[in-house]
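Here is a short briefing on a predicted model, to read with the structure open beside you.

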Amino acid sequence: MAKRVTMQQIADAAGVSKFAVSRALTGKPGVSEHTREMIVRTAGQLGYFRTEPKRYPGEIQVSAEIKPEAKRQGTILILFPNIRSQNRSSLYWGPVFDGISERLNEQGMDILTLTEPSSDRMFSVLNPEAISGVITVGTISTSVLLEIYRLRIPLVMVDHEDPAVYADSVFTDNMKCMKELVLMLVGKGYRRFQFAGQLPDAASFRERWLGYRTVLEEKQLHGEQQEDLLGQEYDQIRRSIAGMKLEDMPEVFVCANDHTAVIVLQELRSRGIQVPERCAVTGFDNTQTDEPILASVHINKENLGTRAVDQLLWRIRHPDEPYERKLIYSELIIRDEYNASIQ
């Protein structure tokens with residue numbers, strides 16, 4: 001049997017005091033929210049909650065009585081992050097929710113939709129035994145995911161994963177699709193690239209970046225990446241393009257998604273740079289069909305939601321099977337009206 005993870009081990013790994021770990025893991029004041037989140041994440045990665053699932057900040061005693069084998073009857077909880085751009089009205093996440101909702105309605109199951117609470121004590125006001133399963137849509141905090149995991153509620157994450165939590169997930173096959181996109185560009189003769197996108201923002205963006213870098217390395221196209229183009233803020237990306245010398249301008253900006261591609265296009269236009277003749281721009285997710293984006297990847301967003309429901313229903317029936325990470329292929333889209341001008 002594995003040894004229990006101690007608070008001192010967590011403190012050493014997180015680079016904080018044992019006192020801070022104790023305060024964070026017992027839900028007591030004395031540490032900032034940022035530090036507490038970091039400690040909880042570190043503890044989860046070390047296996048603290050997996051080896052002793054009932055030891056968790058703000059422990060709810062009813063959770064000890066919940067068995068993973070128990071047959072749950074109740075509502076499916078759809079959980080959105082507390083992020084303005086990730087909600088039901090967005091061009092990307094809205095169709096994902098539609099796919100979830102349609103499939104659950106087909107199954108005659110009740111739906112409860114919530115935005116991630118600012119506190120991780122979600123189940124202090126929500127009866128966990130009334131929840132059959134949870135589908136998270138987008139980036140949810142580690143502390144909330146651990147609360148769901150601790151209560152042994154079946155969980156499927158759409159477009160997100162967390163190293164501290166064992167759970168099923170459903171993703172677009174980001175690496176494969178991005179590799180196809182970049183190989184298409186190389187085949188058309190492009191040789192100078194820059195990637196633009198918020199890499200820390202989502203696992204999918206990081207995978208697209210890896211797919212992009214893999215092709216450049218395989219083709220020995222070793223351009224120097226402008227680090228500011230990988231920043232967390234869109235304003236940082238704008239400033240990077242605004243300050244870029246013309247001789248340093250790439251032939252193509254490969255963007256993490258269509259929204260980033262539109263921001264890049266706006267900055268290129270403001271500098272009077274012709275698109276795509278002087279500099280082409282590609283996206284990923286096919287949400288901006290009216291913009292001169294040379295290529296994108298069409299993600300069937302409704303299908304992501306549908307497959308998440310299918311996986312959750314399977315997980316409810318098979319609680320002890322190994323966790324799965326499903327990858328769904330998406331179609332490369334080349335815009336003919338823009339493609340014609342560079343052939």
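Helices (H or I, at least four residues) and strands (E, at least two) are DSSP runs, numbered from the N terminus.

This is a predicted model, in which local features need pLDDT of at least 70 and side-chain atom pairs count only at pLDDT 80 or more, while totals for chains, interfaces and linings use all residues. Residues are numbered from 1 along each chain as its sequence is written, and side-chain values use heavy atoms, with hydrogens and water left out.

**The sheet around β5**

- Thr 172 stands opposite Ile 328 in β10.
- Towards β4, three bridges join β4 to β5, and these strands run parallel.
- Met 157 stands opposite Ser 169 in β5.
- These strands belong to an open sheet of six, in the order β2-β1-β3-β4-β5-β10, with parallel pairing.
- At the edges are β2 (111-115) and β10, each of which pairs on one side only.
- From one strand to the next, the twist averages 20 degrees.
- Helix α11 packs on the sheet and touches β1 (75-80), β3 (131-137), β4, β5 and β10; contact means heavy atoms within 4.5 Å.
- The direction of α11 makes about 160 degrees with that of β5; axes are lines fitted to C-alpha atoms, for helices over the stretch in contact, and angles run from 0 to 180 degrees between N-to-C directions.

**How β5 is covered**

- Five of the five residues of β5 are buried, so the strand is largely enclosed by the rest of the structure. Buried means under 20% relative accessible area, exposed over 50%, and partly exposed in between (1.4 Å probe, protein chains only).
- In a regular strand, side chains alternate between the two faces of the sheet.
- Both faces of β5 are covered, with Asp 168, Val 170 and Thr 172 buried on one side and Ser 169 and Phe 171 buried on the other.

**Rings and charges**

- Arg 325 lies over the face of Phe 171, at 4.2 Å from the ring centre. A charge sits over a ring if NZ of Lys or CZ of Arg is within 6 Å of the ring centre and within 35 degrees of the ring normal.
- Arg 152 lies over the face of Tyr 149, at 5.4 Å from the ring centre.
- A search of the whole structure finds six aromatic pairs. Rings of Phe, Tyr and Trp (its six-membered ring) pair if their centres lie within 6.5 Å; planes under 30 degrees apart count as stacked, over 60 as edge-to-face and the rest as tilted.
- Tyr 166 and Tyr 323 form a tilted pair, 6.2 Å centre to centre with 35 degrees between the planes.
- Tyr 166 lies in the loop between β4 (155-158) and β5 (168-172) and Tyr 323 in the loop between α11 (301-317) and β10 (325-328), so the pair ties together parts that are 157 residues apart in sequence.
- Tyr 166 is partly exposed at 44% relative accessible area, and Tyr 323 is partly exposed at 42%.

**The whole protein**

- The protein has 12 helices and 11 strands.
- Buried residues make up 52% of its 343 residues.

Conventions: Two strands pair if DSSP finds at least two bridges between them.
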